[in-house]
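Let's take a walk through a protein chain together. Have a look at the sequence and the model first, and then we'll go through a few spots one by one.

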Amino acid sequence: MRKHFVAFMMVATVTITTALPVYAVPMTNAEAIAALHQADGRVYKNGDTANITVDLAVTDWSQTITEILNKAFPACGQPEIGPVYYEYDDVSSVRDFTISAAQLATLAEHQDVTNQWADSIARALFPSGTDRNTVLQTAYLHIARNYPYANGISAAEVKKAQGAYYMITTGKAICASYTKGYRALIEAVPFDPATGLVNWECAVPARIKVAIVYNDGHEWNAIQDPDGSWYHYDLATATLRDAESLQFFHMPVSKLTNGKYASFYDYYHAVWCY
């Protein structure tokens, strides 16, 4: 049996999911494994670890693990928990990845801190009756104004900065931190399906669904407008240039694919996390 670890892409300088419920305390080990299993049936409990069976035919293992983690722990990025090891033997047709109990605890804690932050900020910023566009813009500007870009951080800190937890606990962010934080904040806001307005008393609210999009060097958000068109939101570039500007808010695809931004976004090779 050979043991290896898989390297995951980090964005140093986005799945459409519904927001997870806010937990009073972080998930237990069993709840964290159950959340991963619900995200993908290939995950199974092995004592206090979560194991993921991936067929050898799957060549992009890192993307597979990233997508599973994104669904179960949308505030987190895999590099936050360190290497994920896998084992296989010469006659096996699968690789068996292991997420340790300590890694599960980190995911649960980071998701819980993010959930509580998002709920608290959303309740403060968006009273019942707030409309959708105000939520999107106010959340965007709130993060841009209050969480400056983390320039000059070390490679080790870049790994820690791949999720919203880094932004919340340090007060600064890189692109991956911004995207997870913005998604968490937007998806924490409950909308009344009957009115389209924020309603904190709504029993079965609708949520704005937020995607994360990334390429080899950058990560940003995408949100679908009510008419079905996708628009893009780049908090990292906004904070680097002008935190008060909406130049990188609600960008059409045409802005990402034409002129000076085409090579930066590399839109047609970008990966979407839904």
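Where in the chain is Tyr267 found? Tyr267 sits in the loop between helix 10 (262-265) and strand 10 (271-273). Here, helices (H or I, at least four residues) and strands (E, at least two) are DSSP runs, numbered from the N terminus. Before we go on, some ground rules: this is a predicted model, where local features need pLDDT of at least 70 and side-chain atom pairs count only at pLDDT 80 or more, while totals for chains, interfaces and linings use all residues. Residues are numbered from 1 along each chain as its sequence is written, and side-chain values use heavy atoms, with hydrogens and water left out.

Back to our tyrosine. Tyr267 is buried, because its relative accessible area is 15%; buried means under 20%, exposed means over 50%, and partly exposed is in between (1.4 Å probe, protein chains only). Leaving out residues up to four places away in sequence, Tyr267 touches His232, Val253, Leu256, Thr257, Ala262 and Trp272. Contact here means heavy atoms within 4.5 Å. Glu67 is 200 residues apart from Tyr267 along the chain, and their C-alpha atoms are separated by 19 Å.

In that loop between helix 10 and strand 10 you'll also find Asp266. Asp266 has a positive phi of about 45°, although it is not a glycine. With 32% relative accessibility, Asp266 counts as partly exposed. His250 is another residue other than glycine with a positive phi, near 55°. You'll find His250 in the loop between helix 8 (235-241) and strand 9 (251-252), and at 29% relative accessibility His250 counts as partly exposed.

Now zoom out for a moment. The chain has 10 helices and 10 strands, and 50% of its 274 residues count as buried. Its C-alpha trace spans about 55 × 45 × 35 Å along the principal axes. A compact globule with 274 residues would have a radius of gyration near 19 Å, and the chain has 19 Å, which agrees. That radius is taken over C-alpha atoms, and the globule rule is 2.2 Å times the number of residues to the power 0.38.

Next, how do helices meet? Two packed helices are described by the angle between their axes and the distance between the axes. Helix 4 (residues 132-146) packs against helix 7 (residues 175-187) at an angle of about 140°, with the axes 10 Å apart. That makes helix 4 oblique to helix 7. The contact is made by Val135, Leu136, Ala139, Tyr140 and Ile143 of helix 4 and Tyr178, Gly181, Tyr182, Leu185 and Ile186 of helix 7.

Tyr140, in helix 4, counts as buried, because its relative accessibility is 0%. Its contacts, leaving aside neighbours within four places in sequence, include Tyr182, Tyr233, Asp234 and Phe249. Tyr140 and Leu185 are 45 residues apart in sequence, yet 9.3 Å apart in space, C-alpha to C-alpha.

One more pair to finish. Helix 1 (residues 29-39) and helix 2 (residues 61-72) pack at about 115°, with their axes 8 Å apart. Ala35, Leu36 and Ala39 in helix 1 meet Ile68, Leu69, Lys71 and Ala72 in helix 2.

Notes: Axes fitted to C-alpha atoms, helices over the stretch in contact; angles between N-to-C directions. Parallel < 35°, antiparallel > 145°, perpendicular 65-115°, else oblique.
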